[in-house]
2 protein chains.
Amino acid sequence: MDLELVLKEHGLRKTTFRKELLHAFYNSNSSLTADEVKTKVGESADRVTVYRALDAFEKKGLIHRVPDKNNLTRYALCQSKCSTDAHSHNHAHFICNGCDETYCIEDVEIPVVRNTKGFVIKKSKLTLEGNCPSCADS
Amino acid sequence: MDLELVLKEHGLRKTTFRKELLHAFYNSNSSLTADEVKTKVGESADRVTVYRALDAFEKKGLIHRVPDKNNLTRYALCQSKCSTDAHSHNHAHFICNGCDETYCIEDVEIPVVRNTKGFVIKKSKLTLEGNCPSCADS
DNA sequence: TATATATTTGCAACCAAGTTGCGTTAATAT
DNA sequence: ATATTAACGCAACTTGGTTGCAAATATATA
């Protein structure tokens, strides 16, 4: 995976920090919070830099927000071809009660829900909870 | 609805503020944040009092947390018989893109999802998005 | 390659949501 | 009527995130 090319294709400059940030996402099988990014990727980088990089990655369609157990803002890599301001996801998310991580789950069907009692339903989000493979025995 | 009795049955003291708080929940068809409580119920009450009352109500099984569009802590009245530290909900939630309100939706089926790829699934949450009856034309 | 332009970074300061400690007041139990 | 316990109010703090602005760095252009 050519990180520099990916950045370029999404209209982002290939700075040291952003290359490492993208690397971290490609090396994670789940998702990251701003705080996790700071400790894992760039302890030296300023908090603000982390937040702004995450914002930029999201806007350019590289990462998307996923639910978090503790209401933090948490991001995961986009699988499909998301482009600038045009995210297209339709997968479930799994929150582990053991490690508090959030995983994208591609092989679970999202139910299509009909409008009901005057509510016009445009989107359905399915969030699963339990224990992830690593925490399955807890 | 005898508010004082409800408080008593849930082991809560009938203070002026808590009676008004409970009243506000019974008079709301959706849900409330701490901030909304403060403006609608007790502008005079301290912020901390609001937070602690909401905590207490939740612990005693009177209200439950619902998802919020902006990651705030948002509460709605429990319909069924929830008791102290034993909430039992199994309904969907609807977030309105117009007014940012969250509604409990009782008549939508929550899918039962099988374990997959080592993930042990214990709970499924279904969150719907769109426009509520009042905002249906926006 | 030099220079102009645009993006990214770091710092400081700020904000909003929520929490904690503690002394005082008010509600229930005896 | 009084003791006990729960609830309240205040101040101070914490955490997650944002904004403004100047300095640094990356890309585009000459």
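A salt bridge is a side-chain nitrogen of Lys or Arg within 4 Å of a carboxyl oxygen of Asp or Glu. The exercises below use a predicted model, in which local features need pLDDT of at least 70, side-chain atom pairs count only at pLDDT 80 or more, and totals for chains, interfaces and linings use all residues. Residues are numbered from 1 along each chain as its sequence is written, chains are lettered from A and ligands numbered from 1 in the order in which they are written, and side-chain values use heavy atoms, with hydrogens and water left out.

**Exercise 1. Describe the make-up of chain A.**

Step 1. Helices (H or I, at least four residues) and strands (E, at least two) are DSSP runs, numbered from the N terminus. Chain A has 4 helices and 6 strands.

Step 2. Along the sequence, the elements of chain A come in the pattern α-α-β-α-α-β-β-β-β-β.

Step 3. A box of roughly 50 × 40 × 25 Å, taken along the principal axes, is filled by the C-alpha atoms of chain A.

**Exercise 2. Trace the sheet that contains strands of both chains.**

Step 1. Two strands pair if DSSP finds at least two bridges between them. The order of this open sheet of 6 strands is β5(A)-β4(A)-β6(A)-β6(B)-β4(B)-β5(B), with mixed pairing.

Step 2. At the edges are β5 (102-105) of chain A and β5 (102-105) of chain B, each of which pairs on one side only. From one strand to the next the twist averages 30 degrees.

Step 3. Where the chains meet, β6 (residues 120-131) of chain A and β6 (residues 120-131) of chain B pair in the antiparallel sense over 11 bridges. Within this pairing, A:Gly130 stands opposite B:Ile121, and A:Glu129 has B:Lys123 as its bridge partner.

**Exercise 3. Characterise the interface of chain A and chain B.**

Step 1. Counting contact as heavy atoms within 4.5 Å, 28 residues of chain A touch 28 residues of chain B.

Step 2. Buried area is the accessible area (1.4 Å probe) that two parts lose on being put together, summed over both. The two chains bury about 2,500 Å² between them, 58% of it on carbon and sulfur atoms. In chain A, the residues that lose the most area to chain B are A:Phe119, A:Lys125 and A:Glu129, together 23% of what that side buries.

Step 3. There are 4 salt bridges between chain A and chain B. A:Lys117 forms a salt bridge with B:Asp107, and their closest N and O atoms are 3.8 Å apart.

Step 4. On the side of chain A that touches chain B, β5 and β6 of chain A are the elements that give two or more residues. The largest share of that side, 12 residues, comes from β6(A).

Key: Axes are lines fitted to C-alpha atoms, for helices over the stretch in contact, and angles run from 0 to 180 degrees between N-to-C directions.
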